[in-house]
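Me: I am new to this structure and would like to learn how to read its strands. Please show it first.

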Amino acid sequence: MEITKSLFEGRIGELFHLYDVIEHPISLTLTEVSTPDERIVQQARGMDIREPFSLLFSGPLEPFLQQHMYTLQHDELGMVEMFLVPVNQVENNYFYEAVFG
């Protein structure tokens, strides 16, 4: 399965479950699918490469996920590997970003 922006559009609010590096599975909620500056998107199209995009997930405060490659499981997409980076904490949630270029 090729990971593309269109694969995640329309999945805002859906759960992705993480099992691989922690004692108890946790669920992350997809909160945003975004693209960089339009100029960069146009360059990608001109070079016949995947359109760059990023995903933002929210998760619980515990356990805190370090910057790492994780395997996330989605009910329809199955297993998807992505490199998650913690980017923010708001109230009772940590936010994690995955960037694809």
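Reply: Strands here are DSSP runs of E, at least two residues long, numbered from the N terminus. This is a predicted model, in which local features need pLDDT of at least 70, side-chain atom pairs count only at pLDDT 80 or more, and totals for chains, interfaces and linings use all residues. Residues are numbered from 1 along each chain as its sequence is written, and side-chain values use heavy atoms, with hydrogens and water left out.

Me: How many bridges join strand 3 to strand 6?

Reply: Strands of a sheet pair through backbone hydrogen bonds, either parallel or antiparallel. Two strands count as paired if DSSP finds at least two bridges between them. Strand 3 (residues 53-60) and strand 6 (residues 93-100) run antiparallel and are joined by 8 bridges. Leu56, in turn, stands opposite Glu97 of strand 6.

Me: What joins strand 5 to strand 6?

Reply: Strand 5 (residues 78-90) is antiparallel to strand 6, with 5 bridges between them. Pro86 has Tyr96 in strand 6 as its bridge partner. The hairpin of these two strands has 2 residues between them, and Glu91 takes a positive phi near 50 degrees there.

Me: In what order do the strands close into a barrel?

Reply: The 6 strands of the barrel follow the order 1-2-3-6-5-4, with antiparallel pairing.

Me: Is Gln73 buried or exposed?

Reply: Gln73, in strand 4 (residues 68-74), has a relative accessible area of 18%, so it is buried (under 20%; exposed is over 50%, partly exposed in between; 1.4 Å probe, protein chains only).

Terms used:
Helices (H or I, at least four residues) and strands (E, at least two) are DSSP runs, numbered from the N terminus.
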